[in-house]
Amino acid sequence: MDSYYRLLKNNAEWASSQVAEDPDYFHRLASHQHPEIMWIGCSDSRVPADRITGTEPGEIFVHRNISNMVLSTDLNLLSVLQFAVEILHVKHIIVCGHHNCGGIKAAMQDESYGLMDQWIWNIKDVYRMHRAEIESKQGEEEKRQLFTLLNVKEQVLNLAKTSIIQNAWNSGNYPHLHGWVYDVRDGVIHTVFEMPAGTEIDNIYKLNRKH
Ligand code: CO
């Protein structure tokens, strides 16, 4: 049986078991969503946001891309972010990286992958910013782990640079920003960086609307 067919079969079973358990389940979900969390994670199939956090449909608003990047030119990410912050009023945004990330590995090598080289160059920028600290680590594994962690931190900082987050912080107490790293070897999430709403950021990135 083709692997995709199993998905449809699973879906039919899941939908009917949900209704058997709670006849009103889909009625309730269909009318609106009110997630308190936005998740920015890696596209990696081993890091499914809801599965590893034990959350249900309706609880997290998700954006995923290679190596959980927050880039100012990514219309997709920015649109998801604006909707999450200004329409859904999420309270927390989590950037979750993970160990053994293909994007992180690719960024540490010189192999060309075609189009995606342009995406990976943004990950390489993070490496360059932290080169001395990363290269002070002994083994390749240690270097990669630190790079993964520093990349998450930089992506959280990138969130705080956006006018979307700064406007939200200027007018309210949300959202709080969190940087996490998921370990694919044992399934455990480690918290690595926090920016509570209103955290002071480097002056050069501060935005004040004067008109
Ligand atoms: Co990854």
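The dialogue below covers a residue and a sheet in a predicted model.

Trainee: What should I know about the model before reading it?

Mentor: The model is predicted, so local features need pLDDT of at least 70 and side-chain atom pairs count only at pLDDT 80 or more, while totals for chains, interfaces and linings use all residues. Residues are numbered from 1 along each chain as its sequence is written, and side-chain values use heavy atoms, with hydrogens and water left out.

Trainee: Is Asp44 buried or exposed?

Mentor: Buried means under 20% relative accessible area, exposed over 50%, and partly exposed in between, with a 1.4 Å probe and protein chains only. Asp44 counts as buried because its relative accessibility is 14%.

Trainee: Which side chain does Asp44 join in a polar contact?

Mentor: A polar contact is a pair of N or O atoms within 3.5 Å; within protein, one must be able to donate a hydrogen and the other to accept it, and residues adjacent in sequence count only if both atoms are side-chain atoms. The side chain of Asp44 has one with that of Arg46, at 2.7 Å.

Trainee: In what order do the strands of the sheet run?

Mentor: Strands (E, at least two residues) and helices (H or I, at least four) are DSSP runs, numbered from the N terminus. Two strands pair if DSSP finds at least two bridges between them. Here 5 strands form an open sheet with mixed pairing, in the order S2-S1-S3-S4-S5. S2 (60-65) and S5 (188-195) are the edge strands, each pairing on one side only.

Trainee: How many bridges link S4 and S5?

Mentor: S4 (residues 176-183) pairs with S5 over 7 bridges, in the antiparallel sense. Asp183 stands opposite Val188 in S5.
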